[in-house]
Structures are given as structure tokens and as C-alpha cells.
Amino acid sequence: MQEATFLILTALASGSQHGYGIMADVAQISGGRVRLRAGTLYSALDRLRVDGLVRVAGEEVVDGRLRRYYRLTPEGSEQLAAEAERLEANATAAFRRLGLGSGLAGGSTP
Amino acid sequence: MTPDRDALEQRYRNWLRWYPRWFRRDHAEEVLAVLLDGAPPEQHRPGPAECLDLARGGLVMRLRPRIPRSDRPTRAALWFMYASAAVGLVVLTTLLVTLDEVRTTILARDPGFSRAEWRGLVAATFRPMAVALALSVLVWSSLAWVRGRGHRWASLAVAGIFVENTGSLLHGLAHGSATYTPKVLLAGGVLWSLEAVAVVLLTVGESRRRSGGRRRRPAAAPTGGSPAHRPP
């Protein structure tokens, strides 16, 4: 799974969001490292909808502009959980080999 | 709204023309809202990175197959169809490039082979073959694209064309294609194999979809929101 896809699914994991909300959330989750643009976001959302991982949850008009909300499908939640587990396992293995125990958060930073 | 904001909106609308019509119909206003929400008040024209991103997104939307990742046989079939078109192009090029070699081979076997006879052979055999190959490249790449858009009738067309191609290949082999270079024959065999695999994969994808649909139908529950995939 590409990082942008992972971050979009993560942004939607806690509830439905509209496009701009997803972009802002992705920037926050990644600590400002990943800043999605509209073209990239909607290309990814379209693919995720085709794959059945995301669906439209509703829409509203705010200040005369259409806002469409997206949410994870059960399959999307499953895939996100599986990917998170895979990443966690990889990170744990990397920390172990670096002699950092369960991670930098454990206080064993050199 | 200020004139600057109006101008910015119009420019964004122009860049959204990179997207297919069905996408603009369903999402243009929504994407526009996101673009305008993200633009600082003083901005009155899209930045170069934004323009590139919109153009790239539009092209991706036009070219990327709209087949779910779970439908692996059909996605693989599309790959084989595009590969078949690519190999067809190589075969066509090889045919054109090796014409002199073919003539030399014929002359070595039959020194009395005249220029007029060669022209007749080109007109009767090689030219139709080149045209057929060019059409094949066009048809296979077009059908791959159409099937990738979700049009299932393209699978039937692919199967029909494959049967026709197989007949033509057998007919060609039985009627004088022995003058061909082994390389072209080999490429023809590869081409046929790619098409055969594509047809098999499309059939597998179709049968899985039917059996999956039959299994899922009784358990299907009504869901809210838009469908996950709206065919263009």
C-alpha cells in the first residue's frame, strides 16, 4: 500500500471527512511531511472507491460549495488494520535489530 | 466573490478539463471547492505544481483501468492485451524491416524470381499482413482500454477477435507464410499466446464475477451513499 493511500485511509478511520478535511488530516498525521494536492487526493479516492475501500457517506452545500463526505467501508477498515499491523511488525523488527527495544518511545534513544 | 477569486475559479475550471467528462459531471464542484478552500486569499491563479497535479490526476483518471484490485484475472488480462498490442507493433516493425531479407531468401532459392513477382507477393501477402497487424495493435489496445473502463462487452469482442486471429494465423501458415523469417514466426507465436492468455483470464474473471454475484446476492443489504463504482 502506498503511503498516501495509507494516510488517506487513516484519516478516514475515525469517521467521515470531506476532501479538504482529508488533506488537512493527512498533513497532520504525517507531521507535515505529506501534503496531498487535490488532483492526487481525488485520483486516490477514485481508486479506493473502485476497490471498495471507501464510499461516499453524504454531501452538503457550504457557502454555495458542494462538500462530499467519504468514509471507510468494512473492507477498507480491514485493509488499513492489516497494513498497520504489517508496518508495526516491520518497525518492531527494525528497532529490535537496532538495539532500541520496542522503539524510540521506550526511552532508549541513544 | 471578488474578481480575483472569480478568475482563480475559472482557471481551476480550465485545468479540470484534463479530467474525463463523467468525473467532471460528478466531482468538478467538489474538487473546485477543495481547491478554493486551499488557496490563500491573495492567490489569483493556480501555481505550477497545482496545474501539474491536476493534469496528472486527469490523465490518470482517463487512462487507469477502473477494475477493482480484487478482480485480479481481469486486471492481468488487460496487461496481456496491452502487451499483445506492444508485441504486435514489434512484429509489424519486424515485418517492414525484414522485407529485404525475405526477398534475399526467395532469390537464393529461386534466382529467376523477378521484380514484378516480388511486387505481386508484397501486394498479395505482406501489405495485407502489415495492415492486419496495424489494425490488430489498434484494436487490442482500444479493447484493453474499453474493458478497463468497465465495459464488459469488450470481453466478448476480445474472444471473437481471438478466434478470428487464430483462424487467420492457421490459414497464413498453411498458405505460403513459410517464406517468412523464423523471427517473425516466433513473434507471431508470442502474439497469439498473449492473446490466448488474455482471453482465458477474461473468461476466468467473468466466471468468478458471476459465481461471486450469485453467492453475494442473497446476503446483500441496502447501503447508504453512492455506489462504490459508478461506470463512466
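A:Val54 stands opposite A:Leu72 in β3(A). The model is predicted, and local features are described where pLDDT is at least 70, side-chain atom pairs count only at pLDDT 80 or more, and totals for chains, interfaces and linings use all residues. Residues are numbered from 1 along each chain as its sequence is written, and chains are lettered from A and ligands numbered from 1 in the order in which they are written.

**The sheet of chain A**

The pair A:Val54 and A:Leu72 belongs to β2(A) and strand β3 (residues 65-72) of chain A, which run antiparallel to each other over eight bridges. Helices (H or I, at least four residues) and strands (E, at least two) are DSSP runs, numbered from the N terminus, and two strands pair if DSSP finds at least two bridges between them.

The open sheet is built from three strands of chain A in the order β1-β3-β2, with antiparallel pairing. Its edges are β1 (17-18) and β2 (54-62) of chain A, each of which pairs on one side only. Strands of a sheet pair through backbone hydrogen bonds, either parallel or antiparallel.

| Helix pair | Axis distance | Angle |
|---|---|---|
| α1 (residues 3-12) and α3 (residues 38-50) of chain A | within 11 Å | roughly 75 degrees |
| α1(A) and α2 (residues 19-29) of chain A | 9 Å | about 110 degrees |

Angles under 35 degrees count as roughly parallel, over 145 as roughly antiparallel, 65 to 115 as roughly perpendicular and the rest as oblique. α1(A) and α3(A) are therefore roughly perpendicular to each other, and α1(A) and α2(A) are therefore roughly perpendicular as well.

Two residues are in contact if their C-beta atoms, placed from the backbone, lie within 7 Å. On the α2(A) side, A:Ile22, A:Asp25, A:Val26 and A:Ile29 meet A:Leu7, A:Ile8, A:Thr10, A:Ala11 and A:Leu12 of α1(A), a contact with seven nonpolar residues, one polar and one charged. For these classes, Ala, Val, Leu, Ile, Met, Phe, Trp, Tyr, Cys and Pro count as nonpolar, Asp, Glu, Lys and Arg as charged, and the others, Gly among them, as polar. With α3(A), the residues A:Ala4, A:Thr5 and A:Ile8 of α1(A) meet A:Thr40, A:Ala44 and A:Leu48, and this contact divides into four nonpolar, two polar and no charged residues.

**Chain B and its contact with chain A**

Between the chains, 23 residues of chain B contact 22 residues of chain A. On the chain B side, the elements that give two or more residues are α2 (21-38) and α3 (48-63) of chain B, and α2(B) gives the most, with nine residues. That side comprises nine nonpolar, six polar and eight charged residues.

Chain B is assigned domain 1 (3-57) and domain 2 (72-211), with bounds that come from an automatic or database domain assignment. The C-alpha centres of these two domains of chain B are 43 Å apart. An unreviewed UniProt entry annotates residues 76-98, 118-141, 153-173 and 185-205 of chain B as "transmembrane region"; UniProt positions are given in the numbering used here, feature names are shortened, and annotations may be inferred rather than shown by experiment. Residues 118-141 of chain B are 100% helix and 0% strand, with end C-alpha atoms 33 Å apart, while residues 153-173 of chain B are 100% helix and 0% strand, with end C-alpha atoms 30 Å apart.

How values were computed: Axes fitted to C-alpha atoms, helices over the stretch in contact; angles between N-to-C directions.
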